[in-house]
Amino acid sequence: MLSASPASIETAVTSIEGVGCQIEDVFARVGGDLGRAHDIFEGLNSDLALLGQELSGANIASASKACKDIAARLQSLAEALPAETGLLGAISGSATQASTYLKDILKHIDMITIIARSSRIEAASLDGDRGGFLSFTREASELAKSVQRSIVACAKDQEQLTGAIAAALKGQSNFEAQYRGRLLRASAELLSACVEIAERQAESARLADLARASAGSIGGAVGNAIVSLQAGDSTRQRLEHICRALRRVEPGGGLAPAAGRDAGDLVIVAPFVHGLQAVQLKDAIAGFSQDVGTIERSLTALGVDAAKMVGHGHTLCGAQGDQMGSFLAGMKTRLGTALSLIAACGCAKMAVDESISVLESMLREFRAAISSLGDTVIDITLIGMNAGLKASHLGERGRAFVVIANELKTTADRISAAAKLLGPVVDAIEQASERLKGLREVEEALHVEEMEGVIAQALGEIEAGNAHLAKLMDNLTRESAVFEDLVVGAKGAMAALGVKFASLSSVALRLEEQRPRTDQLVAEHCEAVDTLFGDLYLQYTMVKERDVHRKFSGRFAFIKTQASVAEPDAASTDDIFF
């Protein structure tokens, strides 16, 4: 029987000690792995915090601001097109009016030249002061020729202007018809991209919060699992106490000399100790099974939470990673379209710039010609009046010359009237020109070079943010894989240890094969068992061990020593900590 077989006792002790060593090794390794997992998730929490900041930080905000700015500029260009077309149309209409008035002025000047020739013929037929009348006709003719040259030059400039304005107006109208809608669509698409960026930020921030929450709960669960692993130390101590008690009833284990008995006495006393340790072992097995189950459930929950957190991370960075490629491509297309449209606007407006340049030069010449024309008209009028007065003194002979002088004055008045009509037209052209020039000066802020820089910066900000997200996601995936390996390994080790520990049930059964027999006890045996149980009671460090000991001892009335033994100090027992 086991109680009489030292080899059997030694086998049982070896089995129990082997499991105890495995508990220490496995729990130490699992604890180390979970500690490493805890460190991993401390880092992942930090990465996820950075991820949230990245998704709502300066890079994305800067890109969104650049898109809004470019969209606003495209809108400004589109809205300016009708105004520019309208101003060019107004200038074109005024130029046509100016052309009409210039033609009238030239016609009247031609009339003055004809009148001057007629007056020269009439002056030749006059007797007396023929030279004075010839001088009058010559002066009037020279004045007419002088102003005619000025007006002809203005007419040529006006024709050049009319051609330039017509070309600019045609180009502007075609450009407006072709590009205004495209400018507005491009602006709307960029604003839509800004909305998409904002939605991405909101969704990413939400997912980042979920991922951080998952990581936080995992960190707490890892900490709880590590605390649960401390139960392994309690179980190891119980196994040590069981082995120590079994060795006490081995031959030479210390009981026989103390009791003063031989091997026969040991055979009678040992079953009591074996039975007590079998009960202690069964209770340890049951408790450890519960602890292992708790730890395995914690590890399973950790695995689920880890998968959930990684899923959040993949969703988060997937929205910014896989989809970001197409989003960036779309942004590049939109911004490239904006750049080409702005460049096309610049080319189309070159004709407008040329028209403005011609217009400014022409307006200066028109002003000078109108001023000179006014002076000339006054001079011609005075010459006509003087000639008419002088001819009237000649009586019937000067009547024809008086008629000629009156006709000259009338024609001069017509020139003056036409010049007065031309003045407001020139003013209208000048005002429209100033407004058009003002629009062009405002559009100087839309230089293509500047826009290229803004576009490049916007794309750079988005790409830099995407690269950072990809780096964070790589780290998240890599570290999560390490964590998963650690958790799977820990679960496997705990399951294997649970199977190994369960095998001790057979050892407990072997210890119970020979039941204690009170009918063979004598007083010395009872005293030896009572003393031994008292010694064993004092080695316990856990409440559970003492409870099991008292319950087993209560089955035997002669075992009373432990009832009078003082309870160990609570502050010195390990189970208080647990």
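I began with E10, which forms a salt bridge with R247; the closest N and O atoms are 3.3 Å apart. I am working on a predicted model. E10 sits in helix α1 (residues 6-55) and R247 in helix α4 (residues 231-248), so this pair ties together parts that are 237 residues apart in sequence.

Next I looked up the cover on both partners. E10 is partly exposed, at 32% relative accessibility. R247 is also listed as partly exposed, with a relative accessible area of 28%.

E17 counts as partly exposed, at 35% relative accessibility.

I then checked R238. Its side chain meets that of D283 in a salt bridge, 2.8 Å from N to O. D283 lies in helix α6 (residues 263-320) and R238 in helix α4, so the pair ties together parts that are 45 residues apart in sequence. R238 is buried, because its relative accessible area is 7% and the limit for buried is under 20%.

I noted how the bridges connect. Salt bridges that share partners join E10, E17 and R247 into one network. The structure holds nine salt bridges.

**Surface patches**

I turned to charge on the surface. E139, E142, D375 and D379 gather there in a patch of negative charge. Which helices each supply at least two residues of this patch? They are α3 (130-228) and α7. D379 lies in helix α7 and is partly exposed, with a relative accessible area of 36%.

I also logged a nonpolar surface patch. I378, L382 and M385 form it, with about 280 Å² of accessible area together. I picked out L382, which lies in helix α7. L382 is partly exposed, with a relative accessible area of 45%.

**Two more residues**

S361 is in helix α7 (residues 322-392). I read its relative accessible area as 30%, so S361 is partly exposed. I then checked the distance from S361 to L161. The two are 200 residues apart along the chain, and their C-alpha atoms are separated by 9.9 Å.

T85 is in helix α2 (residues 58-124). **Is T85 buried or exposed?** T85 counts as buried, because its relative accessibility is 15% and the cut-off is under 20%. I listed its contacts, leaving aside neighbours within four places in sequence. T85 touches L169, Q172, S173 and E176.

**Whole protein**

Last, I took the overall figures. The secondary structure comes to 14 helices and zero strands. Read along the sequence, the pattern is α-α-α-α-α-α-α-α-α-α-α-α-α-α. Of the 578 residues, 45% count as buried.

I looked up contact range as well. Among contacts between residues at least 6 apart in sequence, 92% join residues at least 24 apart.

The accessible surface of the protein comes to about 26,700 Å². Carbon and sulfur atoms account for 56% of that area.

Notes: Residues are numbered from 1 along each chain as its sequence is written. This is a predicted model: local features need pLDDT of at least 70, side-chain atom pairs count only at pLDDT 80 or more; totals for chains, interfaces and linings use all residues. Side-chain values use heavy atoms; hydrogens and water are left out. Helices (H or I, at least four residues) and strands (E, at least two) are DSSP runs, numbered from the N terminus. Buried means under 20% relative accessible area, exposed over 50%, partly exposed in between (1.4 Å probe, protein chains only). Contact means heavy atoms within 4.5 Å. Patches are made of residues with over 30% relative accessible area and no salt bridge: like charges are joined within 9 Å, nonpolar side chains (Val, Leu, Ile, Met, Phe, Trp, Tyr) within 5 Å. Accessible areas come from the Shrake-Rupley method with a 1.4 Å probe; for residues, only the protein chains shown count as cover. A salt bridge is a side-chain nitrogen of Lys or Arg within 4 Å of a carboxyl oxygen of Asp or Glu. Lys and Arg count as positive and Asp and Glu as negative; His and the chain ends are not counted. The place of a charge is taken as NZ of Lys, CZ of Arg, CG of Asp or CD of Glu.
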